Amino acid sequence: MDFSSVSVLCVGDVMLDRFLYGGMERISPEAPVPVLLLKNKREMPGGAGNVASNVTALGARAILIGLAGRDEAGALLRNSLAGRANVVDATVESTCRPTICKTRFIAANQQVVRADEESVLPLQEEEAEALNAAIAQWIDQVQAVVVSDYGKGVCSPQVLQQVFTLAHARKVPVFVDPKSPDYRLYRGATCITPNAKELAAASALPVASEEQTEVAARKVMAAAGADAILATRSEKGMMLVRHNGPVLSVPTRAREVFDVSGAGDTVIAAMAVVTGSGSTLEQAMRVANAAAGVVVARLGTATADIQEVIQELEKQSGPDEMPHLLSASAAHALIQKWQSRGLSVGFTNGCFDIIHPGHVDLLAEARAACDRLVVALNTDASVRRLKGDERPVNTLDARARVISAIRHVDAVVAFDEDTPLEIIQALEPDVLVKGADYTPEQVVGAREVIAGGGRLVLVDLLKGHSTTATIGRIKGV
């Protein structure tokens with residue numbers, strides 16, 4: 001993944017993130033509070049500044065627009081930005097307010113307390129004019145825009161109108177990290193990225209389940225006139241709800257979480273960078289999920305560079321190493337491993353004697369309905385009972401080798417019975433996939449999978465392709 005040609009305009013509340021690290025070994029004699037013995041400190045851009053840092057960590061260029069005061073924190077912020085490659089400091093100096101500064105005290109790898117310095121003064125007219133001028137100056141140089149609303153004043157209606165008007169005129173996608181529960185302020189956004197708490201507040205609806213999350217997302221999406229809502233659901237992963245298109249979910253990979261500070265910044269930065277490169281929202285969501293997985297395993301505001309993201313993507317979605325044909329017990333153990341990581345496992349079956357485009361299309365549709373796909377092949381004896389003595393054309397070993405090489409397939413097993421019921425009951429998949437030439441009542445194992453909390457997916461078959469027809473053409477029939 002190379003994003004070096006992508007530039008992202010980051011507009012929003014810029015702040016200085018300060019981390020003070022120390023140890024706590026005694027209680028103060030002045031009050032019943034621990035004494036933190038300071039050892040070192042770190043200072044870095046926060047808020048929209050952290051979005052910019054995440055953009056550059058992925059290899060793209062960031063243009064940062066926000067407010068900074070004429071004070072020590074502002075000077076430290078500008079010095080930090082100056083030292084970062086591929087960040088354009090387009091911040092506006094304000095005479096009306098101090099630089100927002102968040103100071104976190106850390107001991108034993110945990111935040112002890114946070115102290116904030118900021119002004120509650122509404123955005124002033126001269127500040128809005130300067131911000132809008134900066135947006136107009138840089139909008140022609142970017143492939144995506146991020147609005148990072150921390151509720152500190154920059155994302156006023158006047159500034160948001162400028163962002164959406166100029167971006168829409170240039171067909172530049174706009175991604176919004178929301179603060180206000182009134183999503184009408186973000187009307188026209190390409191994608192809004194609330195967390196579960198923000199989505200619940202904005203929709204006034206519960207968001208505990210995927211079904212509830214979808215309903216809430218569609219409500220706020222309609223209010224905002226947005227193309228999509230990306231709901232981040234902590235340990236439950238992410239859900240992409242689009243105005244046009246199916247709902248998509250990706251799970252998180254189990255890990256030890258140290259700090260979620262800035263994870264939302266990482267998500268929206270990745271969404272903007274990947275979409276700005278010409279990829280789809282679905283592709284961007286998977287990269288964003290991997291990037292977020294990297295940063296939550298670190299203490300403090302962090303970023304994920306592109307190599308780390310690539311490695312995380314491989315861990316999340318790369319097929320595990322395995323022989324081309326698993327025993328039922330080995331397959332069951334593998335499925336349990338996947339399911340313990342929050343992955344949904346799909347199952348389909350067939351002879352798959354001579355592979356043709358219809359088979360590949362079915363497998364692609366089946367894999368799209370789950371996170372991992374297991375294919376069960378009829379043994380040679382089973383095929384003969386079903387198809388006659390001249391079948392199969394290819395042995396089970398040959399068929400398994402070919403099927404396992406198809407990128408949509410994650411594991412292959414075999415069954416000797418006339419129906420796959422026993423292997424389905426043994427493997428306990430989450431999703432059962434069959435061709436739409438069957439009715440739900442005709443699908444073997446459907447009742448058992450659904451009773452276990454799973455679901456049935458019927459896939460439309462590609463017309464004009466079959467093994468029997470292929471054999472007929474070979475024989476000249």
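The model is predicted: local features need pLDDT of at least 70, side-chain atom pairs count only at pLDDT 80 or more, and totals for chains, interfaces and linings use all residues. Residues are numbered from 1 along each chain as its sequence is written, and side-chain values use heavy atoms, with hydrogens and water left out. Helices (H or I, at least four residues) and strands (E, at least two) are DSSP runs, numbered from the N terminus.

**Helix 5 and helix 6**

- Helix 5 (residues 196-203) packs on helix 6 (residues 210-224) at an angle of about 60°, and their axes are 9 Å apart.
- Axes are lines fitted to C-alpha atoms over the stretch in contact, and angles run from 0 to 180 degrees between N-to-C directions.
- The two helices are therefore oblique to each other; angles under 35 degrees count as roughly parallel, over 145 as roughly antiparallel, 65 to 115 as roughly perpendicular and the rest as oblique.
- Leu199, Ala202 and Ser203 of helix 5 make the contact with Thr213, Ala216, Ala217, Lys219 and Val220 of helix 6 (heavy atoms within 4.5 Å).

**Strand 8 and strand 9**

- Strand 8 (residues 100-107) and strand 9 (residues 110-117) run antiparallel, joined by seven bridges; pairing requires at least two DSSP bridges.
- Phe105 has Val113 of strand 9 as its bridge partner.
- Two residues lie between the strands of this hairpin, and Ala108 takes a positive phi near 55°.

**Helix 1**

- In helix 1 (residues 48-57), 10 of the 10 residues are buried, so the helix is largely enclosed by the rest of the structure.
- Buried means under 20% relative accessible area, with a 1.4 Å probe and protein chains only.
- Gly59 follows helix 1 and has a positive phi, near 100°.

Terms used:
Buried means under 20% relative accessible area, exposed over 50%, partly exposed in between (1.4 Å probe, protein chains only).
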